[in-house]
Amino acid sequence: MSLKSLLKPELVLAKQDIVSKKRVLENIASAVSDRMHCENEAVYEALLGREKLGSTGIGNGIAIPHCRLESANRTAIVVMSLQSPIDFDSIDKRAVDLIFALIVPPQECDQHLSTLAKIAELAQSPESLEKLRAAQTDNELFDIFDSLI
Amino acid sequence: MLLISILASSFTVRFGLPLLLVFLGIGMLAGEDGLGRLGFDNPNLAFFVGNLALAVILLDGGMQTKASTFRVALWPSLSLATFGVILTAAAVGGFAAWLLDVKLIYGLLLGATVGSTDAAAVFSLLRNSGVKLNERVGGTLEIESGANDPMAILLVVMLTGVLQSSDSLSVWLFLGQMVQQFAIGGGLGLLGGKLLLLVLRRVPLIEGLYALLIISFGLAVFSGVNLIGGSGFLAVYLVGLTVGNGRIKHEESISQVMDGLAWLSQAGMFLLLGLLVTPSNLLTHGLQALAIATFLIFVARPLAVMLCLLPFGFRWSERFYISWVGLRGAVPIVLALYPVIAGLSNAALLFEITFTVVLISLLLQGSTVPVVARWLKVSVPPAPAPTTRFSLIENDAHHSLELYEFLVQTEGIRIPVSIVQNVPSVTVSTPQLVSLVREQRPIVVNAETVLKLGDRIWMLLHPDDVNDVAQIFSQQASSSFLLQNFFGEFAIRGDASLVDLAKAYGVPLEGLSTDDTASDLLQRKLGKHLVVGDRVRFGNIRLTIRQMHGDQIEIIGLKLQDKQV
């Protein structure tokens, strides 16, 4: 299953006005749970659990929150950009304004890791990040992300 | 001649040749067989200059050795510096006696002469080669090279003495001498270091005089300890070590002057040694010397390293690397002058062979230091660091106020609002911005100021925070790709729960206890004294230590889908 086929327009959210890491995770959880028919609370707890091991802010203003979720029936990717950067406790201490979240069902673990690695690779290209940051609407952000993967 | 050598040194970086070889080469070129036709044949002068230069080099080397590396490197390097030298000397000695068909004792003398690794060569190569070795390997090599000269010198002096007086070799006498040399050298070295530190802190001097004070004090300790039968080399190294690790004023300017003087000593010494040798004579025993060098590099040194490091938890690749960086340098050449001065019968032969062995070692091992490090995977990505550092308070109890300069290596970031808004406080618990300099002019900073490449930022910081802050201003794109390759995409805390980690990445839970942390896993598999760059596999992910504080693992890199599965 390719990254492209996992990407859904309704889970691409541009220029969100969110001011804290906690609120970002909550927003991701509610967006995903609507689509995947699972508990809002469970998604949030799973994402938060992973953050407790260490922040998923990988540097350069990017965060990739991710988790395995028992109740998920399929993989979901959330792409989100923020209006203004927020503190994410990142490894390089820089504020975060681009977020790619990945929620996977427990049985697709290897799949999960390769998808995560692909997203992390994407975050290495300054040009791609610049394009993503420039997107003002959900549709724009979707098209740009879609063209990059 | 010194001028030519220094100018020529800028080319060596391109060829990856050790700088010292250039100085040696130019000395030889200027000598009786070369272009310069300078006839220099005064082993006594060369010996004197060589000893002084070695003392200065060891002093500077000691000052640059961070006491924090003792945590992982002290005992292994001491083992190498004592037993390692004896083993190498014995192995090479036996081989050389057989090959050259001389008495065993002459062979042993040769073995002892080339028995120690060279501090000057190791320090300058490790620091200028562009690779950053992991702390365990780098620390071991540096401390070893600083601490093994006394051993080799002792062996040579004793063997020369035995040959001179034709007494029989007494093991007990030798051991007694050794203990005496180490005890006096070690004791007075540490004591001298403390005393010097006290003087540096109490006595106000013109800034430029501090380094000269350190040098003259070091040389005084060196000759004083030698006079009363201790190891002056060990003493002067310890003086440097004590002073370099005790916070002192003007550290920056002192270490610059010291570095310059150390270079001058190395360059002068190698030039002089190059002049002293008659290159055409080297060819007479060229083949034998080649055989001995080969034996030293590929048999004796690896054997000694493997045996000496047996009790310590080194990886095999680390052991091989330490074997490979057994660089010989000026010490053996200076040591080879002992028999010459003592007027022993085979002295010329020993000197010529030693000289060739050093040349081969510098050429072969010296030029491959970075390549082999990458190949054996013992290097780690360089950590971001400030460009300048000043201690504002150098009292030990309150050494928390330091001024740092950072070079901005990235575009488009801002100084975090929290830092801009900080006002000076007594505790310096939070970083304080002092100045932002752009194109030689100070800039007014607010939360909206966007940093540019090449900006210089001055900050008051607590030393514990300096790595975090340096990270903010470090280069991003190209270096972070390397970082991601080395440490992995994500990072976790050292105290992260192992069970939770296993659950998040689908690692089987068998055999995991609920209160295990990620650090526990690393320590269980790799031992207690870990360094940045140590790694283990955990299911299908790879964990690499990314940041440490003393023996505590703070951050662990996590790489998904290790390709080596």
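Hi everyone, let me start in chain B: strand 3 of chain B and strand 4 of chain B, residues 441-443, run antiparallel and are joined by three bridges. Please keep in mind that this is a predicted model.

Staying with that pair, B:Val437 has B:Pro442 in strand 4 of chain B as its bridge partner. The two strands form a hairpin with two residues between them, and there B:Glu439 takes a positive phi near 50°.

Strand 3 of chain B, residues 432-438, has another neighbour to show you. Over five bridges it pairs with strand 5 of chain B, residues 456-461, again in the antiparallel sense. If you want a spot to look at, find B:Leu436, which stands opposite B:Ile457 in strand 5 of chain B.

Now over to chain A. Six helices and six strands make up its list of elements, and from the N terminus on the order is α-β-α-α-β-β-β-β-β-α-α-α.

What about its overall dimensions? The C-alpha trace of chain A spans about 35 × 30 × 25 Å along its principal axes. A compact globule of 149 residues would have a radius of gyration near 15 Å, so the 14 Å of chain A agrees with that.

Inside chain A, 58% of the 149 residues count as buried. Take the contacts between residues at least 6 apart in sequence: 71% of them join residues at least 24 apart.

Chain A has an accessible surface of about 6100 Å², and carbon and sulfur atoms account for 47% of that. As for charge, chain A carries 16 positive and 22 negative charges, and their mean positions are 2 Å apart.

Definitions and conventions. Residues are numbered from 1 along each chain as its sequence is written. Chains are lettered from A and ligands numbered from 1 in the order in which they are written. This is a predicted model: local features need pLDDT of at least 70, side-chain atom pairs count only at pLDDT 80 or more; totals for chains, interfaces and linings use all residues. Side-chain values use heavy atoms; hydrogens and water are left out. Helices (H or I, at least four residues) and strands (E, at least two) are DSSP runs, numbered from the N terminus. The radius of gyration is taken over C-alpha atoms; the globule rule is 2.2 Å times the number of residues to the power 0.38. Buried means under 20% relative accessible area, exposed over 50%, partly exposed in between (1.4 Å probe, protein chains only). Contact means heavy atoms within 4.5 Å. Accessible areas come from the Shrake-Rupley method with a 1.4 Å probe; for residues, only the protein chains shown count as cover. Lys and Arg count as positive and Asp and Glu as negative; His and the chain ends are not counted. The place of a charge is taken as NZ of Lys, CZ of Arg, CG of Asp or CD of Glu. Two strands pair if DSSP finds at least two bridges between them.
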